[in-house]
Number of protein chains: 2
Amino acid sequence: MAVHYITSTPQVLKLLNSLKKGQTCVITDHHCLEHCVAALFDHPERFDPKIFTFPAGEINKTLDTFSEAIDFLAQNNLSRQDQIINIGGGVTTDLGGFVAACYKRSIPFINVPTSLLAMVDAAHGGKVGVNHGKLKNYIGSFTTPSHTIICPEFLNTLPKEHLLSGFAEMLKHGIISSSRYWDTLKSSSIENLSPSNWMNLIEESIRIKTEIVQNDPLEKGERKKLNYGHTVGHAIESHLLHSASPVHHGNAVAAGMIIEAHIAMSAAGLNKQSVEDITNQIIDLYGKVPLEHGDFGALIELMQADKKNHSDSFRMALPKKIGVCDYDVPVNAELINRALLYYINL
Amino acid sequence: MAVHYITSTPQVLKLLNSLKKGQTCVITDHHCLEHCVAALFDHPERFDPKIFTFPAGEINKTLDTFSEAIDFLAQNNLSRQDQIINIGGGVTTDLGGFVAACYKRSIPFINVPTSLLAMVDAAHGGKVGVNHGKLKNYIGSFTTPSHTIICPEFLNTLPKEHLLSGFAEMLKHGIISSSRYWDTLKSSSIENLSPSNWMNLIEESIRIKTEIVQNDPLEKGERKKLNYGHTVGHAIESHLLHSASPVHHGNAVAAGMIIEAHIAMSAAGLNKQSVEDITNQIIDLYGKVPLEHGDFGALIELMQADKKNHSDSFRMALPKKIGVCDYDVPVNAELINRALLYYINL
């Protein structure tokens with residue numbers, strides 16, 4: 001798997017052209033088609049892929065969309081010698097990667113993440129899949145793209161809330177494995193970063209994630225560190241997904257990081273000052289997600305259904321200090337309740 | 001992956017008990033539930049798995065059944081520390097294996113094949129998946145069970161036509177890699193085989209398949225030999241699946257082996273005597289499948305959609321002589337037409 005760092009979209013097209021083999025099918029959502037993909041392939045005489053699109057949003061990362069994509073590939077008679085290019089955010093790279101993993105028992109694919117979240121997280125590490133009702137990523141596999149193309153120019157089209165979504169994962173990378181990177185991120189204002197600043201930060205995040213994943217691709221041990229903030233974060237995201245006020249993945253994870261930092265204080269020895277540091281930094285950037293006391297039961301039930309949890313106990317990845325993270329730490333429901341309470345009272 | 005050869009069903013239960021870990025969910029079809037599974041677990045105080053069932057038949061090896069199985073596992077809160085046991089024929093091991101591969105990005109599973117076809121073929125080699133409309137195994141992956149349990153006692157419940165289905169794959173194993181085995185099979189009458197004869201033949205088939213798969217698990221080269229009879233056979237099976245007279249997988253493959261043997265005469269140098277030997281042996285056992293001249297176009301179209309074919313040409317696994325097989329042999333539509341004609345005129 002090669003990661004390519006590219007500074008402008010015309011160069012992305014050039015690279016895609018050089019990687020072309022057989023027929024190409026692009027998987028993208030309606031929104032990204034309009035904002036990125038159409039411009040990318042505006043010279044059909046040079047590169048004219050088949051394009052499968054689906055309505056944007058996590059709510060469409062379903063087995064139904066998966067099935068429609070398989071239909072599309074079959075209708076276009078794509079073979080194992082051809083390739084898929086996933087262009088879009090994490091929903092697209094998750095869904096498109098799973099389609100590529102399963103279509104004819106796998107055909108090669110390239111990821112072109114266009115959101116910050118996908119650039120630093122979703123498009124790397126091989127986790128692909130779809131949701132199943134309220135259950136996030138319940139259906140999926142581990143499958144690696146042959147190439148991933150990072151071009152920060154795509155970030156220009158993104159509203160701030162989308163940048164924040166990805167930035168949450170970057171903060172996570174700092175908290176779990178580099179206090180130096182955490183300090184750099186704290187002093188970075190995402191509204192004023194130059195493209196080359198972005199490139200440097202994104203590279204550092206990819207480096208951290210890739211190193212962890214290479215040591216433990218199937219998440220038997222160390223890779224579980226990457227779940228910091230996610231046990232609680234996924235529950236929040238799932239719980240609010242079908243509500244009147246769904247939240248972005250990053251906002252859910254940001255809230256999850258605060259709540260799990262509070263849990264880490266009792267369960268992993270994270271000191272109070274670091275919990276406050278994490279809380280302040282995140283509240284400053286993200287504000288709060290709309291949780292109430294009445295949601296706690298449903299959230300804990302969702303955590304129980306989390307695919308990383310045993311049926312009878314909770315296990316979490318929790319920082320011992322900023323830059324060092326433990327995993328498989330046993331946690332009980334009371335600690336979770338107390339941390340949720342801490343969060344809603346902020 | 002361990003294969004266990006067991007002589008009686010009470011010992012199967014004993015072995016399953018010793019392999020038990022966490023919660024167990026059995027995946028099986030209605031027919032097999034009645035004929036095998038209910039008797040196997042008739043002492044619920046000793047072993048009382050959750051049982052997911054679906055209507056028997058290739059036509060139910062779909063994404064819908066897959067989705068229902070995922071629902072069932074999620075409702076029972078199965079975790080990655082638990083396990084699935086697939087009990088049944090090839091439809092069940094294909095479907096159940098794919099469910100296990102994708103549920104929470106894979107949980108461990110055990111195969112207990114109860115049909116001859118599944119014992120000698122489907123339950124081994126890691127190919128799992130479901131059909132997509134008329135397209136066989138269009139959605140799937142390569143995933144290996146932790147254990148496979150072979151018990152010929154299950155064959156007692158099977159009608160002859162089901163035995164023949166599996167026997168076709170055994171004949172294939174002989175043709176592609178052992179003339180000695182082919183001769184043994186020719187002199188065996190499937191109606192008069194003792195359980196220990198069955199065990200020996202099944203072991204030899206598994207040995208042949210396993211050796212080929214181990215050399216090339218992802219089917220980049222040598223494994224393609226196992227497709228002998230299947231390019232044409234799958235097309236026949238798919239074509240007739242939704243017709244008034246669907247045929248068993250084995251009958252379709254048997255017909256495919258005759259037709260591909262005829263193609264092999266021109267394309268791989270198989271001598272006429274061997275083509276006749278294969279034809280006579282198969283017609284003797286299987287008779288003919290209901291094909292007419294009017295079906296040729298649809299069959300060739302289905303072969304074009306076959307996941308092993310490039311978009312613009314046909315590639316087949318073809319025997320050069322009995323016991324030696326070539327693969328990726330280029331074949332044109334005219335040769336296929338001529339061989340189909342040979343078959344319908346038999």
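Chain A can be superposed on chain B with an RMSD of 0.0 Å by a turn of 180 degrees and a shift of 0.0 Å along the axis (least-squares superposition on the C-alpha atoms of residues with pLDDT of at least 70 in both copies). The two copies are thus related as by a two-fold rotation axis. Among the residues of chain A, L63(A) comes closest to this rotation axis, its C-alpha lying at 4.2 Å. The model is predicted: local features need pLDDT of at least 70, side-chain atom pairs count only at pLDDT 80 or more, and totals for chains, interfaces and linings use all residues. Residues are numbered from 1 along each chain as its sequence is written, and chains are lettered from A and ligands numbered from 1 in the order in which they are written.

The contact between the chains takes 29 residues from chain A and 29 residues from chain B, two residues being in contact if their C-beta atoms, placed from the backbone, lie within 7 Å. On the side of chain A that touches chain B, at least two residues each are supplied by α3 (63-75), α4 (90-102), β6 (127-132) and β7 (135-142) of chain A. Helices (H or I, at least four residues) and strands (E, at least two) are DSSP runs, numbered from the N terminus. The largest share of this side, 6 residues, comes from β7(A).

The largest nonpolar core has 204 residues, of which V99(A), L318(A), V99(B) and L318(B) touch the most other members. Such a core is a set of buried Ala, Val, Leu, Ile, Met, Phe, Trp, Tyr and Cys residues joined through C-beta atoms within 7 Å. A residue is buried if 20 or more other C-beta atoms lie within 10 Å of its own, exposed if 12 or fewer, and partly exposed in between, with C-beta atoms placed from the backbone. Leaving aside neighbours within four places in sequence, V99(A) is in contact with I27(A), F66(A), A69(A), I70(A) and I84(A).

In helix α12 (residues 296-305) of chain B, the buried residues are L299(B), L302(B), M303(B) and A305(B). Seen down the axis of α12(B), they fall within an arc of 160 degrees, so they line one face of the helix; the arc is that of the directions from the helix axis to the C-beta atoms. The face turned away from the buried side of α12(B) carries the exposed residues G297(B) and E301(B). The cover over the buried residues of α12(B) includes α3 of chain A, together with β7 (135-142), α9 (230-241), β9 (314-321) and α13 (333-344) of chain B.
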